[in-house]
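Me: I would like to go through this model with you, strand by strand and then site by site. Please keep the answers plain.

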Amino acid sequence: MVKAVVAGASGGIGQVCLILQPLPPPVGDAEQAANVPRDSQPLSLLLKLCPLVDELALYDVVNTPGVAADLSHVSSNAKVQGYLPADDGAKAAFKDADVIVIPAGIPRKPGMTRDDLFNINAGIVKGLIEVAAEVAPKAFILVISNPVNSTVPISAEVLKAKNVFNPQRLFGVTTLDIVRAETFVAELAGKANPQELTVPVIGGHSGETIVPLFSQIKPSVTIPDDKYDALVNRVQFGGDEVVKAKNGAGSATLSMAYAGYRFAEKLLKAIKGAKGLVEPSYVYLPGVPGGAEIAKKTGTDFFSVPIELGPNGAEKAIDVLGDITDKEKTLLDACLKGLKGNIEKGVTFAHNPP
Ligand code: NAI
């Protein structure tokens with residue numbers, strides 16, 4: 001039996017944050033309507049369809065009874081239930097979960113960086129991790145809420161304080177960076193199927209902390225010198241394209257739901273014994289086999305590298321730093337400069353919340 005939880009299940013990824021979004025506009029007001037997110041909850045739908053999930057608990061501060069009722073009519077295996085904060089709903093939702101996916105919080109608006117979300121999302125993630133620590137201490141936790149560079153360190157500190165931190169079970173979901181890199185490289189190289197490419201993307205999950213390693217694309221693709229900087233920039237700031245195009249109605253939700261599902265599905269398969277499954281993720285390196293050596297090189301404990309997944313979660317951190325090019329070294333230096341501050345901010349918040 002596998003129980004999966006989505007916390008933030010009524011949002012654009014997991015649908016409409018009633019805390020911050022305006023009420024739906026009157027029928028016929030097209031301009032306003034374009035600015036209000038529509039019901040989607042695509043990640044919850046994908047998990048409902050997943051044959052590896054037996055029980056799906058949907059937790060949010062709003063709307064989960066409706067989302068759960070709707071999804072419960074889908075003729076797939078998983079039993080779905082919605083939970084709200086009343087009557088200790090978070091605890092009931094998280095109780096004995098195997099996998100907890102957290103896209104709870106606010107998304108970016110045009111002009112915002114992921115770090116601008118810190119003040120609100122840090123507290124939300126901290127509260128949810130406290131519940132997880134109490135009622136599902138062995139769960140695999142997938143943090144999607146931004147800024148991932150800081151919310152994962154917050155999660156680790158909360159779990160440590162409760163004596164239940166297992167670094168092999170805590171993942172910052174950076175898969176969307178890999179998904180974007182695959183797509184943009186395939187476009188440039190004229191490849192029909194982006195999923196036939198493996199493009200390692202390491203570092204963090206925000207702007208310059210995102211480091212694509214185009215020298216290690218498999219099968220090999222040569223990026224022409226005159227296209228290199230623009231391609232790096234598109235992978236690092238691809239999220240801004242979506243935020244701008246949505247014009248105030250949030251950030252990536254559909255591509256993120258795909259990416260979050262891709263990571264969750266790989267993990268679920270690996271837990272059940274499938275071999276050879278690798279996906280980059282932002283983890284606490286010293287606690288993952290092979291990670292301490294990488295952390296010595298980067299000088300940061302939290303960092304995303306390709307992770308081999310298995311029954312214990314993160315079975316091995318794969319060192320891809322040995323073969324990087326000079327251009328990639330320059331990207332890595334810029335990454336580490338920003339990332340260290342993001343990590344410190346998270347750790348400080350966890351110990352001294354305002
Ligand atoms: P959204 O605003 O549409 O949905 C967030 C949901 O979280 C809302 O339904 C809201 O009610 C809920 N929520 C707020 N406080 C909560 C709490 N204490 N407990 C449970 N639920 C709570 O936002 P969207 O677009 O779904 O994005 C969610 C987060 O994911 C944002 O922080 C965004 O930046 C992040 N994100 C991360 C990506 C990644 O690659 N890791 C990519 C895209 C977005």
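Me: How many bridges join S5 to S6, and do the strands run parallel or antiparallel?

Reply: Three bridges join S5 to S6, and the two strands run parallel. Strands pair if DSSP finds at least two bridges between them. Helices (H or I, at least four residues) and strands (E, at least two) are DSSP runs, numbered from the N terminus. Right-handed is used when, with the strands pointing away from the viewer, the path from the first strand over the helix to the second runs clockwise.

Me: Before going further, what kind of model is this?

Reply: This is a predicted model, in which local features need pLDDT of at least 70, side-chain atom pairs count only at pLDDT 80 or more, and totals for chains, interfaces and linings use all residues. Residues are numbered from 1 along each chain as its sequence is written.

Me: What pairs with S4 on its two sides?

Reply: Strand S1 (residues 3–7) is joined to S4 by three bridges and runs parallel to it. Strand S5 (residues 140–143) is joined to S4 by four bridges, again in parallel. In S4, Val-99 is the bridge partner of Ala-4, and Ile-100 stands opposite Ile-141 in S5. Ile-102 has Val-143 as its bridge partner in S5. From S4 the chain passes through helix H5 (residues 118–135) to S5, in a right-handed β-α-β crossover.

Me: Are the faces of S4 and S5 buried or exposed?

Reply: Val-99 and Val-101 point one way from S4 (residues 99–102), Ile-100 and Ile-102 the other way, and all are buried. In S5, Phe-140 and Leu-142 on one side and Ile-141 and Val-143 on the other are all buried. A residue is buried if 20 or more other C-beta atoms lie within 10 Å of its own, exposed if 12 or fewer, and partly exposed in between, with C-beta atoms placed from the backbone.

Me: Which residues have the most contacts inside the largest nonpolar core?

Reply: They are Val-5, Val-99, Ile-100, Val-101, Ile-102 and Leu-142, in a core of 99 residues. Helix H9 (residues 254–271) gives this core its largest share, nine residues. The core lies between domain 1 (3–13 + 25–172) and domain 2 (175–346), because both give residues to it. A nonpolar core is a set of buried Ala, Val, Leu, Ile, Met, Phe, Trp, Tyr and Cys residues joined through C-beta atoms within 7 Å.

Me: And what does Ile-100 touch?

Reply: Not counting residues up to four places away in sequence, Ile-100 touches Val-5, Ala-7, Phe-94, Ala-132, Ala-136, Ala-139 and Ile-141. Two residues are in contact if their C-beta atoms, placed from the backbone, lie within 7 Å.

Me: How many residues are in contact between the domains?

Reply: 41 residues of domain 1 are in contact with 41 residues of domain 2. H6 supplies the largest share of the side of domain 1 that touches domain 2, eight residues. The domain centres, taken over C-alpha atoms, are separated by 22 Å. The domain bounds come from an automatic or database domain assignment.

Me: Changing topic: which residue does UniProt annotate as "active site"?

Reply: The unreviewed UniProt entry places "active site" at His-205. UniProt positions are given in the numbering used here, feature names are shortened, and annotations may be inferred rather than shown by experiment. His-205 is in the loop between strand S7 (201–203) and strand S8 (210–212). His-205 is buried, with 28 other C-beta atoms within 10 Å. Beyond four places in sequence, His-205 touches Val-148, Asn-149, Gly-172, Thr-174, Asp-177, Ile-210 and Tyr-282.

Me: Which residues are listed for "binding site"?

Reply: The unreviewed UniProt entry lists Asp-60, Asn-121, Ile-144, Ser-145, Asn-146 and Met-256.

Me: Where are Asp-60 and Ile-144 found?

Reply: Asp-60 is in the loop between strand S2 (55–59) and helix H3 (64–71), and Ile-144 is in the loop between S5 and H6. Asp-60 counts as buried, with 30 C-beta neighbours inside 10 Å, and Ile-144 counts as buried with 31. Outside four places in sequence, Asp-60 touches Gly-8, Ala-9 and Ser-10. With the same exclusion, the contacts of Ile-144 include Val-101, Val-173 and Met-256.
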